[in-house]
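Good morning, and thank you for coming. Please look at the structure on the screen while I go through its side-chain contacts.

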Amino acid sequence: MTLLSRLFDVRPERRHRVRVERDLVIPAADGVSLLADRHFPADVERPPLVLLRSPYGRGNALDRMPALLAERGYQVLYQSLRGTAGSAGRFDGFTIDPADADGTLIWLRAQPWFGDRLATWGASYLGYTQWELAARDIPEWKIALIQDAPAEFAHRFMYPGGAFALGNALGWVQIVDRMFTGDYSTIRQLLAMAGAARKLTRATLTLPLDEADLALTGHRVPWFHEWIEHGPDDPYWSRMDHRANVARMPRSVHLQGGWDDFFLPGMLADYAALRATGRAVRLLIGPWGHGGGLYTRHGMRDALAALDAALLGKRPPSGVRLYRTGAGRWEDLPEWPPPHEPTPWHLHPGGRLGNEVATDGMPPSRYRYDPADPTPTIGGTAVGLSAGRKDNRRIEARADVLTFTSDPLPHDIDVIGPVRARLHARSSIPHVDYFTRLCDVSPRGRSTNLCDGIVRLSEPGDVRVADIELWPLAHRFARGHRIRLQVASGAHPRFGRSTGTGDPLATARDLRPSSHEIFHDPDHPSAIWLPVLSGMS
């Protein structure tokens, strides 16, 4: 029995003996040779096939998933995308050559062991490839199991709110660069991570930014330069936008995300789009960051149940299952989001947060931002071990961070759904960022981040309105706790700092400090809106 089966208590009803064929050569439609491994049960003829397409190598720790599936009676084709792990051609970041999927499908249908039932599975990039696969009609495709991967790449991941996701972008560059060393063994990859955090920190502070990949890897990364040279609305990003493929997804789709995953807003948009086409969509959201749900008991069991339903005719899980932080429990809902009332919490002078609008005649709150000493951030939707819920008191003690905090709550408040904030702000320069973060403050004073968001402004004006979409959440603010909103003009390195000059992102060198005023009066009611539940406990 595989380690994963024992670890997550997903023992198969019947355990099959697993065989593996290594380095199968699959011709892409343009003749490029792609390599794949096939894991299959030795005693089953033409079992249902699960397709995984990955840039992260084969023969490493990721092989545990194909082994688990093959033990359960499925065959698994685990393919390396072009330019990775021995497959020919050039890897091009998040641009997937359509010839890979076209050739793979032609080759699959010619294999004597391939039947008429196909599933796809995978997290992050392995989920993203499934959205691209849907550019073509595939009648054999019965279910897509997508974890932490949206159909659209630019607006919700690379440039959320218009600010470049620097830390996550460079973090992924670093991960992929280690994978391309040619050594895919788990031990050597772990050893290669020594010192990686320090190197990544130095790279995020590099100016101009088009030299950051050199500082990180010692060589140029072409697709990183393309990312920083093209803004979010540039036609360049259309090749990475697969939202138009929703109508060709299989009838069943299983989506899994995490509250601290940077891809969650995009996946929830995909959930709504899939529902609009009449597809059967299962949505599961857990208390983890990017990739954290793939190897958990809740995530694994739910996905396997959906796979067995689609390919073996068993009863499928349906609706939405999510973990409500603060309450510490899983619960089931018919859809996302549940009925809720967007309830404003207004900013007040002196750092108070309350439901009523601040009275007139009070001066704005002020701070100064210096991009030479960018406001840091910890936790949240970051790549790697730094993600998640952290104590923010060290950040909140900085002079360039404002905090607005409610009185201790007289009763529990449950919030599930989208979160947004609006700041009425005046700055000394036009090119600025505004970052807001929602926190839960315990009776002992620990300030734990729940969700955040950012917006980049560039148009001049006096008092400007900054509308910020924060990450969605499901959380209980317990009685005696307090609600806190942070306001700042940076969240480094999660988001690349605004230099204050308006110079192009890739080539900006100069740094310009700025002064900020956040207004909170009847004419400028800055606030955050929380999705307070309606008719639920």
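**Salt bridges, rings and cysteines**

There are 39 salt bridges in the structure, where a salt bridge is a side-chain nitrogen of Lys or Arg within 4 Å of a carboxyl oxygen of Asp or Glu. Please keep in mind that this is a predicted model: local features need pLDDT of at least 70, side-chain atom pairs count only at pLDDT 80 or more, and totals for chains, interfaces and linings use all residues. Residues are numbered from 1 along each chain as its sequence is written, and side-chain values use heavy atoms, with hydrogens and water left out.

Let me take some of these salt bridges in turn. Arg 437 forms one with Asp 452, and their closest N and O atoms are 2.8 Å apart. This pair links distant parts of the chain, for Arg 437 is in strand 16 (residues 432-441) and Asp 452 is in strand 17 (residues 447-457), 15 residues apart. Helices (H or I, at least four residues) and strands (E, at least two) are DSSP runs, numbered from the N terminus. Arg 437 and Asp 452 are both buried; buried means under 20% relative accessible area, exposed means over 50%, and partly exposed lies in between, with a 1.4 Å probe and protein chains only. Salt bridges with shared partners also join Arg 324, Arg 329, Glu 331, Asp 412, Asp 414 and Arg 476 into one network.

A further salt bridge joins Arg 398 to Asp 400, with the closest N and O atoms 2.9 Å apart. Arg 398 is partly exposed, at 23% relative accessible area, whereas Asp 400 is buried at 6%. Asp 116 and Arg 117 form another, with the closest N and O atoms 4.0 Å apart. Is Asp 116 buried or exposed? Its relative accessibility is 54%, so Asp 116 counts as exposed, while Arg 117 is partly exposed at 30%.

I turn now to the aromatic rings. The structure holds 30 aromatic pairs: rings of Phe, Tyr and Trp (its six-membered ring) pair if their centres lie within 6.5 Å, and planes under 30 degrees apart count as stacked, over 60 as edge-to-face and the rest as tilted. Phe 91 and Trp 223 make an edge-to-face pair, 5.9 Å centre to centre, with 90° between the planes. Phe 91 lies in the loop between strand 4 (75-80) and helix 3 (98-109), and Trp 223 lies in helix 10 (residues 222-229), 132 residues apart. Phe 91 is buried at 9% relative accessibility, and Trp 223 is buried at 6%.

The ring centres of Phe 153 and Trp 227 are 5.9 Å apart and the planes are at 55°, so this pair is tilted. Because Phe 153 lies in the loop between strand 6 (141-147) and helix 5 (154-158) and Trp 227 in helix 10, the pair ties together parts that are 74 residues apart in sequence. Phe 153 and Trp 227 are both buried.

Finally, the cysteines. How many disulfides are there? With a disulfide taken as a pair of cysteine sulfur atoms within 2.5 Å, the count is zero. Cys 439 is in no disulfide, and the nearest cysteine sulfur, that of Cys 451, is 8.8 Å away. Cys 439 is buried, with a relative accessible area of 0%, and Cys 451 is buried at 4%.
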